[in-house]
Amino acid sequence: QVLIDAVRLTAPQLRARRDEKGVINWLALGSQGQAPADSAPKPAPWRVEVAQVTVEQGRAEWHDESVGARLVLAEIGLQASAVALPLTEPVAFGGRMTLAAASDQGRAPSGVLAFKGQSTASQGQVGVRLESVPLALGAAYLSAQFKPPVQGRATAQLGLAWNGASTAVKIARLALDELALQDKAAPARLRQLLLEDTELRLPAQQLRIGQLTLSQPVVDVQR
């Protein structure tokens, strides 16, 4: 057994990449040079307990060559307590960071992601808060399902809970502000789409919407 009072990381930087074949560089490291299976009995794993883990002013870059996405997570602050490996007891965790698209043209518009929750290896729950996150951050991933592209910003308060394969998402409030449908033939604008008291359950594929409000929709109709 290994007992550690505190682990602190200051200004760490991480660069992750997924190539055109869908292989993530960090995950590929674990598949290299694996030893053949050994049928001999294995000793019990060491138990490692860390009372407090803290990350301050971290930065991460994500390049997805399969869809052409480049994202930057900056000002990363993370906290976790009562971390025990193997993960059998609940771990309390929280964090905050800014999200932006990587840009060679100077500082790109950014939003804020914050979260707090607890989890074991198979179940957990987390509260999530989004503040003015540009929808353009997910444009590369949504382009296959949503055409033409949509611009706007998302602010939300929601909760996630999971137990094995079952997941529930409860949205207290989700506001999509200054929505714009980038269609040259039929552009559309919406000051705000507001979703409240909504619940999604997977894999049951159940969606219950409490209230949906559309504010100041504008559609250009041409012939």
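Q: What should I know about the model before we start?
A: It's predicted, so local features need pLDDT of at least 70 and side-chain atom pairs count only at pLDDT 80 or more, while totals for chains, interfaces and linings use all residues. Residues are numbered from 1 along each chain as its sequence is written, and side-chain values use heavy atoms, with hydrogens and water left out.

Q: OK, how much space lies in the largest pocket?
A: About 760 Å³. A pocket here is an open set of points on a 1 Å grid over the protein atoms alone, where a 1.4 Å probe fits, with protein on both sides within 12 Å along at least five of seven lines. The volume is the space filled by probe spheres set on the points, which are joined across faces, edges and corners.

Q: How does the lining split by class?
A: There are 29 nonpolar residues, one polar and two charged. Nonpolar covers Ala, Val, Leu, Ile, Met, Phe, Trp, Tyr, Cys and Pro; charged is Asp, Glu, Lys and Arg; the others, Gly among them, are polar.

Q: Switching to the surface: which residues make the nonpolar patch?
A: Leu 200, Leu 202, Leu 207, Ile 209, Leu 212 and Leu 214, over about 540 Å². β10 and β12 are the elements that give two or more residues. To join a patch, a residue needs over 30% relative accessible area and no salt bridge, and nonpolar side chains (Val, Leu, Ile, Met, Phe, Trp, Tyr) are joined within 5 Å, like charges within 9 Å. Areas are Shrake-Rupley with a 1.4 Å probe, and for residues only the protein chains shown count as cover.

Q: Where is Leu 202, and what is its relative accessible area?
A: Leu 202 is in strand β10, and it's partly exposed at 40%. Buried means under 20%, exposed over 50%, and partly exposed is in between (1.4 Å probe, protein chains only).

Q: Which peptide bonds are cis?
A: One joins Leu 202 and Pro 203, with omega about 5°; another joins Leu 85 and Pro 86, with omega about 0°. Pro 203 is in the loop between β10 and β11, and Pro 86 lies in the loop between β4 and β5. Most peptide bonds are trans.

Q: Which residues other than glycine have a positive phi?
A: Glu 75 is one, near 50°, and Asp 197 is another, also near 50°. Glu 75 lies in strand β4 and Asp 197 in strand β10.

Q: How many salt bridges are there?
A: Nine, counting a side-chain nitrogen of Lys or Arg within 4 Å of a carboxyl oxygen of Asp or Glu.

Q: Which residue does Asp 64 pair with?
A: Arg 18, with the closest N and O atoms 2.7 Å apart. The pair links distant parts of the chain, 46 residues apart, with Asp 64 in strand β3 and Arg 18 in strand β2.

Q: Is Asp 64 buried or exposed?
A: Asp 64 is buried, at 1% relative accessibility, whereas Arg 18 is partly exposed at 24%.

Q: Which residues are linked in a network?
A: Arg 15, Arg 59 and Glu 61 are linked by salt bridges.

How values were computed:
1 Å grid on protein atoms, 1.4 Å probe; cavity = no way out; pocket = protein on both sides within 12 Å on 5 of 7 lines; lining within 4 Å. Helix = DSSP H or I, 4+ residues; strand = E, 2+ residues; numbered from the N terminus.
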